Amino acid sequence: MKRIEFIKSSIFSAFGLMLPKWKDSSKRIFLSKFYIAGFTYYDGDEVIDKLKVNDELKIVAEPENPYDRRALAIYTSNNKKLGYVPRVENPIPSRINRQNYKLTAEIEKINYKEDDYRKVRVKLFMVVNSK
């Protein structure tokens with residue numbers, strides 16, 4: 001069994017996840033959804049008025065992070081750091097990322113008046129190139 005087939009079957013069977021709509025020639029496999037951790041400690045409050053639902057976000061691994069070696073930072077398309085994938089959500093995505101698969105996120109909901117830790121909810125995806 002090829003590695004990608006194993007990952008797909010593991011994700012689907014373990015979590016009962018569904019495939020989202022496709023973009024370009026890549027498949028996006030839904031992994032989880034969560035509120036961005038540390039949103040107000042980075043550039044989140046500075047750019048929240050410019051964010052929109054369905055905006056694509058970049059996921060960047062930070063293996064040298066002193067607090068979490070599996071840390072996955074979340075950035076806007078113009079490189080503003082919004083925060084992190086919450087620690088409880090990052091074990092599987094960080095493993096996927098270490099296997100050289102791209103991760104991406106999309107804004108699902110923006111709560112301007114909510115508490116700081118519940119301002120922006122995102123959906124996390126694994127990106128797989130179609131063949």
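I am working on a predicted model, in which local features need pLDDT of at least 70, side-chain atom pairs count only at pLDDT 80 or more, and totals for chains, interfaces and linings use all residues. Residues are numbered from 1 along each chain as its sequence is written, and side-chain values use heavy atoms, with hydrogens and water left out.

**Elements.** I listed three helices and six strands; helices (H or I, at least four residues) and strands (E, at least two) are DSSP runs, numbered from the N terminus. Along the sequence I read the order α-β-α-β-β-β-α-β-β.

**Chain totals.** I noted that 43% of the 131 residues count as buried, where buried means under 20% relative accessible area, exposed over 50% and partly exposed in between (1.4 Å probe, protein chains only). Taking contacts (heavy atoms within 4.5 Å) between residues at least 6 apart in sequence, I found that 57% join residues at least 24 apart.

**Strand 6.** I then went through residues 120-129, which make up strand 6, and seven of the 10 are buried. Two strands pair if DSSP finds at least two bridges between them. Strand 1 (residues 26-35) runs antiparallel to strand 6, with nine bridges joining them. Strand 5 (residues 102-110) also pairs with strand 6 in the antiparallel sense, over eight bridges. In that pairing I located Ile 107 opposite Val 122.

**Aromatic pairs.** I found two aromatic pairs in the structure. Rings of Phe, Tyr and Trp (its six-membered ring) pair if their centres lie within 6.5 Å; planes under 30 degrees apart count as stacked, over 60 as edge-to-face and the rest as tilted. Phe 30 and Phe 125 form an edge-to-face pair, at 6.0 Å centre to centre and 70 degrees between the planes. Phe 30 belongs to strand 1 and Phe 125 to strand 6, so this pair ties together parts 95 residues apart in sequence. Both Phe 30 and Phe 125 are buried.

Tyr 42 is in the loop between strand 1 and helix 2 (44-47) and Tyr 84 in strand 4 (residues 81-84), 42 residues apart. Is Tyr 42 buried or partly exposed? Tyr 42 counts as partly exposed because its relative accessibility is 36%. Tyr 84 is buried, at a relative accessible area of 13%.
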